[in-house]
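Please open the model in the viewer and keep the sequence panel beside it. The stops below are given in the order in which they are to be selected.

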Amino acid sequence: MAHDPSEEGLDSATSTLIHDLPDLKPLGAMLRIIEPAGQKPHRLASGKCIIGSAPTSDFVVTSPTVSRTHAELELVPDGVRVTDLGSRNGTHYLGQRIERAVLSLGSRIKVGAAEIAIDADTESLEEGAAYPDDEYRNIVGASYAMRRIFATLERLEGSLVTVLVEGESGVGKELIARALHEGSEVFAGPLVVVNCGAIPRDLVASELFGHRRGAFTGAVEARKGAFESADGGTLFLDEIGELPLDVQPMLLRALETGELRAVGADGTRRVRVRVVAATHRMLEEEVEAGRFREDLFYRLAVVRMRIPPLRERPEDIEPIARRLAEQAGQKSLPQTIIEQLKSRTFRGNVRELRNLVQAYAALGYLPGDKSAANEGALAAALAAYVDLDRPFLAQKEALVEDFTVVYLRALLARTQGNQSAAARISGLDRTYLGRLLARHGLGKR
Ligand SMILES: Nc1ncnc2c1ncn2[C@@H]1O[C@H](COP(=O)(O)OP(=O)(O)OP(=O)(O)O)[C@@H](O)[C@H]1O
């Protein structure tokens, strides 16, 4: 995002936060000359560098339109501070001449007529050893793949770079976003989560950017959007692949400039928001199919992190299960249960593991696996219900009753007895749920 923090009075807040996180080092940048082609890129690993046509410049750009000492680039947590050094042909961003601006990694500038991409130094993220511990900020993982991810998360601690987290549903993408927020310089600010797939399409723009009173039918009051709520913190955009095409340019602009325009508003507002996005889709395929803008994809995927499915890292099952058991109030998990868990396929990833462990904590046994391997076991268990000497409906009701009790127990275990949360999760009306619980003697715990 383009802004100058020192002009917005953020300096004092920034220095306090940096004081709390003493070892932060901004993520390095990779500077590439797009036009004229064929010149060497430059790695800005720390501090500052001078761009110019003089052979003594840190980053030499050979073009008659580039001054000998043209501009200075300095790494900062938000990306790179660009300062024009009184060049003849100027430094431009999004078609505007700039004297001094902070640009996020993933931006492109023009130095004279030369076009330069300021990308994240993703190579430096991949260098170095895996994280030594099997836990990073509440994310548990003993596998090499997860410890590599932890090392990347640690390396990103000094940066507010935009990150795209990719992986199947339930692999822990939101947990990664939380860790990115907690480890960042804006950790004291809010973390706002928006599930782009869960909002009616015509309300997405207003949810993200807010709306003015009367902006559309039903906009009775002005409303703040998620970007504004996340000002000074992190905005986690879950299921970004579901973002409607007509809203994509608005998000691109907000990422490029840090400026928002509420639906129906005339003026814009400036925010400082770190964006983390997540998707279970292959976004490149969405780009290919014309459902996702390519420019927005590159703006979001400045750093990409792919979280592997649980079946690709079976050594994580035991430590994660033990942690989830602790969280469910179950001090220890017997080794036999661990072995049973390890034999499952976990199409629902860690979320499925969590549900199973919570059910075990509530019921004392692992509920049946819905995967193909266990379909036989389920059929055998159901066969025990069949009594051809009794009417069908009475038997079916008895089965449903048994399922209801098991379901309600698991629901209460998940919500720690909170009936409002239980109603929300189950989709049952609060009063009806209360009656159902009372009928099964589960109302008061
Ligand atoms: N490595 C892990 N260690 C501990 N808990 C985990 C881990 N990964 C995931 N979880 C837990 O599993 C559940 C699902 O994780 P999360 O909501 O982050 O997944 P997700 O990938 O964002 O899912 P979705 O794509 O459906 O939004 C959460 O309760 C989370 O705390």
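Glutamate 239 counts as buried at 15% relative accessibility, where buried means under 20% relative accessible area, exposed over 50% and partly exposed in between (1.4 Å probe, protein chains only). Most residues other than glycine have a negative phi, and most peptide bonds are trans.

This is a predicted model, in which local features need pLDDT of at least 70 and side-chain atom pairs count only at pLDDT 80 or more, while totals for chains, interfaces and linings use all residues. Residues are numbered from 1 along each chain as its sequence is written, and side-chain values use heavy atoms, with hydrogens and water left out.

Move on to H7 itself. Glycine 258 follows H7 and has a positive phi, near 75°.

From Leu255, display the second largest cavity, which is lined by Ser104, Leu105, Thr162, Leu255, Arg299 and Val302. On a 1 Å grid over the protein atoms alone, a cavity is a set of points where a 1.4 Å probe fits but cannot get out, a pocket is an open set with protein on both sides within 12 Å along at least five of seven lines, and lining residues have an atom within 4 Å of a point. The volume of this cavity is about 30 Å³, a volume being the space filled by probe spheres set on the points, which are joined across faces, edges and corners. The whole structure holds two cavities of 30 Å³ or more.

Next, show the second largest pocket, with about 940 Å³ of space. It is lined by 29 residues, and the closest to its centre are Gly172, Leu175, Val350, Arg351 and Arg354. Which element gives the most to this lining? Helix H4 does, with five residues. The lining has twelve nonpolar, seven polar and ten charged residues; Ala, Val, Leu, Ile, Met, Phe, Trp, Tyr, Cys and Pro count as nonpolar, Asp, Glu, Lys and Arg as charged, and the others, Gly among them, as polar.

Select arginine 137, in the loop between strand S12 (135-136) and S13. Its phi is near 45°, a positive value in a residue other than glycine, and arginine 137 is partly exposed, with a relative accessible area of 32%.

Continue to tyrosine 144, in helix H3 (residues 144-155). Its C-alpha atom is separated by 8.4 Å from that of arginine 313, 169 residues apart along the chain. Leaving aside residues up to four places away in sequence, tyrosine 144 touches Ala130 and Glu315, contact meaning heavy atoms within 4.5 Å.

Finish at proline 36, in the loop between strand S1 (29-35) and strand S2 (42-44). A cis peptide bond joins glutamate 35 and proline 36, with omega about -5°.

Note on methods: Helices (H or I, at least four residues) and strands (E, at least two) are DSSP runs, numbered from the N terminus.
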